[in-house]
Amino acid sequence: MQGKKDSSHPEAVWKQIWESFSIPKINFFFWALFHNKILTGDNLCRRNIAGPHRCVFCKKALETSVHIFIECEYAQKAWTSFLAGLNVSPPVHSSISDMFSSWKARYPYNIADKSLWHKVWIAAPKYVCWKLWLSRNEIVFNQKEMTAENVAEKAKKLLIETLNQSIARDSSLRDEERAWLGEYIPTSTPSSISRPNHKKIWQIRDTMENFQRWWKSQGKCTIFFDGASKGNPGRSGAGGVIYLPDGRKEEFSWGLGHKTNNQAEVLSLLKALQLARNENQKEILVFGDSELMIKSLLNKKGLKDPVLNKQILRVNRLMKDLSSVQIFHILRELNTEADSLANIGCNLEKNMISINAGEPNMAAIP
Ligand SMILES: [Zn+2]
């Protein structure tokens with residue numbers, strides 16, 4: 001994006017107006033709005049042009065940009081509806097530039113600079129203002145009224161469409177952020193995932209449907225593992241499911257006795273990998289829901305727990321024997337089978353293991 005840099009605003013704000021994620025016409029619109037160059041009633045008046053001088057939404061106040069985009073009850077409703085689920089109240093600033101300059105700080109959690117949520121959050125107020133403006137124009141030019149909730153819904157829909165078309169990769173979204181994004185489809189493309197590098201963590205946090213579509217297309221031995229501990233440390237169990245390329249599904253539950261949750265997680269992966277190796281599998285996709293544990297596994301460090309460190313070394317040795325092991329972090333909701341098997345493991349005597357090696361049946365693969 002070419003443009004003269006505005007020296008009256010900090011560079012960060014200028015960058016946020018012209019960031020490349022948002023649809024360019026929205027950035028242009030917002031840039032004009034930021035500099036109060038949108039043709040609202042007050043600006044039309046100044047230019048001696050006839051137009052609505054009263055807010056078309058509430059029909060009470062003079063139509064200024066700060067009124068129709070922030071102060072008006074209609075705008076407030078749109079913001080409230082748009083921000084629902086995010087624990088952020090609607091803006092109450094006395095200028096668009098104040099609102100936008102402090103926008104990032106309004107978010108109650110830290111936002112990493114290049115994260116996906118950063119893109120979404122910075123784009124959000126522009127999209128809301130854009131849809132408010134379109135709604136205002138519909139009333140002025142076509143006499144069509146839209147509810148504020150509808151404005152919010154349209155802004156969010158367009159934002160998610162933008163996101164789906166961008167090549168932005170999902171980083172670490174919070175649960176509320178993921179829920180808010182709803183229909184967002186992360187770009188977890190098979191081509192980038194099939195790199196034979198087991199040291200790389202790919203985060204696949206996806207809808208069940210997209211996830212399964214991707215996973216089936218891989219046609220590899222696939223492991224889901226989980227560990228459970230009643231007390232941490234406490235009575236623990238490991239569990240896992242191994243989907244074999246011939247369609248068989250092996251399940252196991254393993255009683256671990258007194259262990260920590262992390263130890264149960266690692267032992268569960270160890271057992272699952274051993275079972276896969278016994279089936280002569282060498283290329284394996286692994287899914288687990290403990291992000292911390294997966295990171296520790298790949299860094300070969302067990303968070304100051306010497307027992308855990310030893311277990312992690314064993315897993316890493318086993319992974320070296322196999323030609324390709326890729327570990328992915330998935331949401332807990334995608335790991336329910338392994339989770340219940342691990343819970344069964346908690347109720348087994350120490351070192352008792354129950355293995356269920358299924359019959360070949362392609363239909364069994366979800
Ligand atoms: Zn109004």
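Okay, first the ground rules. We're looking at a predicted model, where local features need pLDDT of at least 70, side-chain atom pairs count only at pLDDT 80 or more, and totals for chains, interfaces and linings use all residues. Residues are numbered from 1 along each chain as its sequence is written.

So, the overview. The chain has 16 helices and seven strands. Those are DSSP runs numbered from the N terminus: helices are H or I with at least four residues, strands are E with at least two. Of the 366 residues, 38% are buried. Buried means that 20 or more other C-beta atoms lie within 10 Å of the residue's own; exposed means 12 or fewer, partly exposed is in between, and the C-beta atoms are placed from the backbone. Now contacts, meaning two residues whose C-beta atoms, placed from the backbone, lie within 7 Å. Among contacts with a separation of 6 or more, 68% involve residues 24 or more positions apart.

Let's zoom in on β3, residues 234-243. How many of its 10 residues are buried? Eight are, so β3 is largely enclosed by the rest of the structure.

And who are its partners? Strands pair if DSSP finds at least two bridges between them. On one side of the story we have β2, residues 221-230, which runs antiparallel to β3 and is joined to it by nine bridges. For instance, Asp226 has Gly239 in β3 as its bridge partner. The other partner is β4, residues 249-259, antiparallel to β3 over 10 bridges. There, Val241 stands opposite Glu251 in β4.

Asn36 has a phi near 55° and is found in the loop between α2 (24-34) and α3 (41-46). Gln143 also has a phi near 55°, in the loop between α8 (116-142) and α9 (148-165). Which one is exposed, and which partly exposed? Asn36 has 15 other C-beta atoms within 10 Å, so Asn36 is partly exposed. Gln143 has 8 such neighbours inside 10 Å, so Gln143 counts as exposed.
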